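Subject: Structure handover

Hello,

Here is the structure I said I would pass on. Please open it alongside this message, and read the notes below with it in view.

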Amino acid sequence: MTLLDYPEKTACTVFTAGCYFACPFCHNASLIAGKTGDGSGKTGKTGDGSVSCSNGRVRHRTVPCLTDFLATRQGLLDGVCISGGEPLLQDDLESFIDKVKELGFLVKLDTNGSNPDKLKKLIESKKIDYVAMDIKNSPEKYPQTIGLQGYDISPIQESINIICKGLIPYEFRTTVVKEFHTEEDLLSIAHWISARHRTVPCLTGTVPCLVLQKFVDSEGVKQKGLHGYSDEEMQQLISAVKTVFPAAGLRGV
């Protein structure tokens, strides 16, 4: 159960395997690291009917286990957060969401915004009720931050535009790491989002639409030796960001 992952709701979180990106500060490196260590998250069919990811297999029998679990939580939880990895890599994500909705749960999707077509379909079809998109860094530093030199950020831009239409509640969030993010980078992100966010409400006046998350080192982080800012420094950073994007807030402080 989580009281943090779905704003104003009680929820549980489902983690999916595989990701296009190779962010050094990822806390779920065991889910995304491929056999080649490039974080490509490639998927494909295997001979036994499972779905293979570059880091392992997601077996079809997992879904009945999850739905059986959720059936025991009806009336106790409001929603389900689907995170990763990158959930939009999963070919059968939509059918899984349908099963979750049939049980009466709200669905929140966490995404890195790398697949705007799938994201648009889920939002416009009302399959999901809330979306949280990671903004890894300022546009100029995106390739470096996600570990993919030469990456074209146009899918990221398109996903931002889709989300900012405000068809469902949303948030953008950035995990702030000393080695990757300066105050100037965070101000650049704030300008990037605010230019499209306009006056569309996200959820309520108490829930920020742009969240700065404090990086905390842990065993599961992809690259060792990275550092987070202190609580005091995070307060200073969010004060600066709010001068550009007032609907911003902190998490993990």
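Predicted model: local features only at pLDDT ≥ 70, side-chain atom pairs only at ≥ 80, totals over all residues.

The protein has 253 residues, and 49% of them are buried. Its secondary structure consists of eight helices and 10 strands. Of the contacts with a separation of 6 or more, 70% are between residues 24 or more positions apart.

The helix I looked at is α6, residues 154-163. Seven of its 10 residues are buried, so α6 is largely enclosed by the rest of the structure. Those buried residues are Pro155, Ile156, Gln157, Ser159, Ile160, Ile162 and Ile163.

Two packed helices are described by the angle between their axes and the distance between the axes.

For α4 and α6, the angle is about 10° and the axes are 9 Å apart. An angle under 35 degrees counts as roughly parallel, and α4 and α6 are therefore roughly parallel to each other. The crossing of α4 past α6 is right-handed. On the α4 side the contact uses Pro116, Asp117, Leu119, Lys120 and Ile123, and on the α6 side Pro155, Glu158, Ser159, Ile162 and Ile163. Sorted by class, these residues are six nonpolar, one polar and three charged.

For α6 and α7, the axes come within 9 Å and cross at roughly 45°. These two helices are therefore oblique to each other. Their crossing is right-handed. Here α6 contributes Ile156, Gln157, Ile160 and Asn161, while α7 contributes Trp192, Ile193 and Arg196. The contact of α6 with α7 has four nonpolar, two polar and one charged residues.

The last item is serine 114, which lies in the loop between β6 (106-111) and α4. Is serine 114 buried or exposed? Its relative accessible area is 13%; the cut-off for buried is under 20%, so serine 114 is buried. The side chain of serine 114 makes a polar contact of 2.6 Å with the side chain of asparagine 112. Leaving aside residues up to four places away in sequence, serine 114 touches Tyr20, Phe21, Glu86, Tyr151, Pro155 and Ile156. Pro155 and Ile156 are also among the buried residues of α6.

Regards

Technical notes
Residues numbered from 1 in each chain as written. Heavy atoms only, no water. Buried < 20%, exposed > 50% of the residue type's maximum accessible area, 1.4 Å probe, protein only. Helix = DSSP H or I, 4+ residues; strand = E, 2+ residues; numbered from the N terminus. Axes fitted to C-alpha atoms, helices over the stretch in contact; angles between N-to-C directions. Parallel < 35°, antiparallel > 145°, perpendicular 65-115°, else oblique. Left-handed = near helix turned anticlockwise from the far one by under 90°. Contact = heavy atoms within 4.5 Å. Nonpolar A, V, L, I, M, F, W, Y, C, P; charged D, E, K, R; others polar. Polar contact = N/O pair within 3.5 Å; in protein donor to acceptor, adjacent residues only side chain to side chain.
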